[in-house]
Amino acid sequence: MKNEYKTKARGLIIEYLKKNADKRFTAGEIYDYIKTEAEGVNRTTIYRNLDRLCEQGNLMKYKEPNQDAWFYQYSQEHQHCNEHMHAQCSECGKIFHLESEFVEDFEKNLQTVYGLNLSADKTIIIGKCDDCKDK
């Protein structure tokens, strides 16, 4: 495996996403933040770092229905995001990691009843969280 350089851009991306771990961002939104913090950082640098962080399991990358952009969210505390489903608030974008017996039963029922093997890493259930429901 190649040595990973700890660049300022990479550090800023991780810092920003850690501070906002309950939110998701597009690469453009991350770039807009980084360019205010570091001079000379271009979009290619941001995309390259985001791809590496996804490969290492530090970020989740997913695409929402009816959206053209990919979204990124910090996930280092949930290193196995490709092994469980997620739910997302349709209002604020908060991600919930669904790791429970209920989800396992749901996956088994999909297989038994419909013959469908769930791709957990690509599955997001959309709903409205309690905080947004009350607004």
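## Salt bridges, helix packing and surface of a predicted chain

With a relative accessibility of 61%, Lys-19 counts as exposed (buried means under 20% relative accessible area, exposed over 50%, and partly exposed in between, with a 1.4 Å probe and protein chains only). The model is predicted, so that local features need pLDDT of at least 70 and side-chain atom pairs count only at pLDDT 80 or more, whereas totals for chains, interfaces and linings use all residues. Residues are numbered from 1 along each chain as its sequence is written, and side-chain values use heavy atoms, with hydrogens and water left out.

**Overall architecture.** The chain contains five helices and six strands (DSSP runs numbered from the N terminus, helices being H or I with at least four residues and strands E with at least two). Of the 135 residues in the chain, 36% are buried.

**Helix packing.** Helix α2 (residues 27-37) packs against α3 at an angle of about 120°, and the two axes lie 10 Å apart (axes are lines fitted to C-alpha atoms, for helices over the stretch in contact, and angles between N-to-C directions run from 0 to 180 degrees). The orientation of α2 relative to α3 is therefore oblique (under 35 degrees counts as roughly parallel, over 145 as roughly antiparallel, 65 to 115 as roughly perpendicular, and the rest as oblique).

**Salt bridges.** Five salt bridges are found in the whole structure (a side-chain nitrogen of Lys or Arg within 4 Å of a carboxyl oxygen of Asp or Glu). One of them joins the side chains of Glu-15 and Lys-19, with an N to O distance of 3.3 Å. Glu-15 and Lys-19 are separated by about one helical turn because they stand four residues apart in helix α1 (residues 8-19).

Another salt bridge pairs Lys-61 with Asp-51, whose closest N and O atoms are 4.0 Å apart. This pair connects distant parts of the chain, with Lys-61 in strand β2 (residues 59-63) and Asp-51 in helix α3 (residues 43-55), 10 residues apart.

Lys-128 and Glu-91 also meet through their side chains in a salt bridge, at 3.8 Å from N to O. Here too the pair links distant parts of the chain: Lys-128 belongs to the loop between β6 (124-127) and α5 (130-133), and Glu-91 to the loop between β4 (85-89) and β5 (95-98), 37 residues apart. Lys-128 has a further spatial relation, to Ser-90: the two are 38 residues apart in sequence and 5.6 Å apart in space, C-alpha to C-alpha.

The accessibility of residues in these pairs is listed below.

| Residue | Relative accessibility | Class |
|---|---|---|
| Glu-15 | 35% | partly exposed |
| Lys-61 | 37% | partly exposed |
| Asp-51 | 33% | partly exposed |
| Lys-128 | 47% | partly exposed |
| Glu-91 | 52% | exposed |

**Nonpolar surface.** A nonpolar patch on the surface is formed by Val-113, Tyr-114 and Leu-116, which together have about 360 Å² of accessible area. Such patches take residues with over 30% relative accessible area and no salt bridge, joining nonpolar side chains (Val, Leu, Ile, Met, Phe, Trp, Tyr) within 5 Å and like charges within 9 Å; areas come from the Shrake-Rupley method with a 1.4 Å probe, and for residues only the protein chains shown count as cover. Tyr-114 lies in helix α4 (residues 101-114). With a relative accessible area of 66%, Tyr-114 is exposed.
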